Amino acid sequence: MRSCRSAFLAASAASSALSPSLHLPETRRATRSTPLPSPFLSFHSSCFSTSTSGSSSTEFMNSMAKKSEAKYEFDKIDDALKLFDRMVLDCPRPCVVEFNKLVGAVVRMKYYGTAVSLCKKMELEGIGHTVVTLNILINCFCRLGSLNFGFSILGKMLKIGIEPGVITFSTLINGLCVQGNFAESVRVFNEMVRDGYQPNLITYNTLLNGLCKIGKTAEAVRLLMKMEEGGFQPDNVAYSTVIDSLCKDRLITEALDLLSKMIAKRILPDVFTYSPLIQAMCDSGKWEEVKNLWSEMIGRGIRPNVVTFGILVDAFSKEGMVSDAQDVIEEMIQQGIEPNIVVYNALMDGYCLRGETDEARKVFDLIVNKGYIPTATVISYNIMINGYSKAKSIDEALKLFHEMSHRGLTPNTVTYNTLLTGMCQVGRLSTAFKLFKDLIACGQVPNLRTWAILLDGLFKHDHIDDGLRLFQAMQNCGLKPNIVIYGILIDGMCGAGQLKVARELFSGLSMKGLKPDVYIYTMMIKGLCKAGLADEAYELFKKMEDDDCLPNECCYNTMIRGFLHDNDVARAMQICDEMVDKGFSADASTTAMVVELLSSDSGEILQ
């Protein structure tokens, strides 16, 4: 007995789910992909119906099923159920292989619960289960999200002496990966190999995909190499999966090396191989490499798909190169590829980033007129509302917001947060809080981002007491403030001149398990300098490095302005030299103060 069997035999108790003693609820409705609370609680008596007809099922096989040597295919689930009933009553009864083919067809139609019921009926009718039948059952349970029952079937196989095969383990590994339990999938894979089962290509590809999804790219690369060392040739899917993961980890050189390696092995790349590489180059702003990869892809006769074109549109739009993005869309259409909602959203967002809301609105109207699905349209509304909000066209943003309900669309938290941000920025706080109440009344749950927007709006417009009351209300709702919330509070207290409160909040962060970031340090330094406490601010500035929080350009400029404000030019210049050495430069405010100081000194010399 293989060692892994003991690990699964404990689950075999649940395999009594296949026992004939189970009661079958009466229902005639076949279900598609409905999760089962227990292995066989959702049965369909339509597949158990009796018939007085003694005619052979041959005619039904020919008329209802498109039968080949490999499988059955059905246009309707009822046809499959009728044929199953006929086959059960047929004399002589077809062999178990035919039943397995029929159940397999039901699985391909995604009626997983019905397939489980048919397997149960087979056992009740004395049609013995084979490894194929039990593999089908395991697959169904995995698809239904009832993975425990899948393992219980494995336990039953081991208990009754049916030898599980590589398909059995591959199916379970895939089920674990689908559920996100990648660590367990690796464990099952290792036990499978240790017990002498040879993984097939599907097993390897499933595990590679799982490893990449949890960010274990290095392990995926090692598994790819292990495949080759074991004489198992990875295919295009295996290489493309790992290349995609390397690109997401910004390991572009390694990804390109793997591309070269697969081409050298005569494993042809496809559009799914090149797309992540092009995406990585766009993200890095390496436009020449983007052009080279695109040319290489086209040169190999690989036609870009809507995703590949979409990558370019998104990249150009984010860089503000909307005319180039528009050219890409026109090229798509010329090649007969219809731009999807993702492509149009990217273009619209690009116009919004440039403040060209009129052009963005044209794209938005095109999206609405094309009748894209509501969920995608909500994202489109959010982009356009954000564009209007940033342009401070709050009334236009509100019109779109109200239009959503007329179209049967439900604004989400992102929609509300976007509008709230715009309202707070222009000082329309009463309108913002009315919208906040509407958000709650509509059943939406405000997140920390929502509270942060309102808090920031109140403090920025000097409503300090209201801000503190809102902060208390947030805590009363059971929400735990994060570092962003405390940053807003500290900034607000410093701005209001309540430095003592700001100090208390800052010093209490560590007790709350929060570590101040460079933004919060900068706010405290700014508050101390504003209060004429440049020396204390400088002590805090030096402490940053000890706390593994290096000052950024904004922090350096804040400290320099603090010393300049105190007319401590020598120390200001010292910090300025340090800033330049770090690769930072003076901002407009700091430069203006230096120029003013130099002008003042020049005037004194002339006098």
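Tutor: Before turning to the pair, please keep in mind that this is a predicted model, and that the protein has 32 helices and zero strands. Two packed helices are described by the angle between their axes and the distance between the axes. The crossing in which α16 passes α17 is left-handed. On the side of α16 the contact is made by V306, F309, L312, V313, F316 and S317, while α17 contributes V322, D324, A325, V328, I329, E331 and M332.

With that pair in view, the wider setting can be given in a few figures. Of the 607 residues in the protein, 48% are buried, and the accessible surface comes to about 29800 Å², with 54% of that area belonging to carbon and sulfur atoms. Among contacts between residues at least 6 apart in sequence, 61% join residues at least 24 apart.

Two residues within other helices show what burial looks like at the level of a single side chain. T203 is found in helix α10, which runs over residues 201-213, and T203 counts as buried because its relative accessibility is 0%, where the cut-off for burial is under 20%. Not counting residues up to four places away in sequence, T203 touches V166, S170, I173, F189 and M192. Y538, in turn, is placed in helix α29, and at 11% relative accessibility Y538 is also classed as buried. If its neighbours within four places in sequence are left aside, Y538 is in contact with M559, F563, R571, Q574 and I575. Y538 and I560 are separated by 22 residues in sequence, and their C-alpha atoms are 9.7 Å apart in space.

Most residues other than glycine have a negative phi, and most peptide bonds are trans. Against that background, the peptide bond that joins C91 and P92 is cis, with omega of about 0 degrees, and P92 is found in the loop between α3 (77-89) and α4 (96-108). D462, although not a glycine, has a positive phi of about 65 degrees; D462 sits in the loop between α24 (448-460) and α25 (464-476), and its relative accessible area of 64% makes D462 exposed. D548 is another non-glycine residue with a positive phi, here near 55 degrees. The loop that holds D548 lies between α29 (534-546) and α30 (553-565), and D548 counts as exposed because its relative accessibility is 65%, the threshold for exposure being over 50%.

The structure holds zero disulfides. C282 is buried at 6% relative accessibility, and C576, with a relative accessible area of 19%, is buried too, since the cut-off is under 20%.

Methods. Residues are numbered from 1 along each chain as its sequence is written. This is a predicted model: local features need pLDDT of at least 70, side-chain atom pairs count only at pLDDT 80 or more; totals for chains, interfaces and linings use all residues. Side-chain values use heavy atoms; hydrogens and water are left out. A disulfide is a pair of cysteine sulfur atoms within 2.5 Å. Buried means under 20% relative accessible area, exposed over 50%, partly exposed in between (1.4 Å probe, protein chains only). Helices (H or I, at least four residues) and strands (E, at least two) are DSSP runs, numbered from the N terminus. Contact means heavy atoms within 4.5 Å. Accessible areas come from the Shrake-Rupley method with a 1.4 Å probe; for residues, only the protein chains shown count as cover. A crossing is left-handed if the near helix is turned anticlockwise from the far one by less than a right angle, and right-handed if clockwise.
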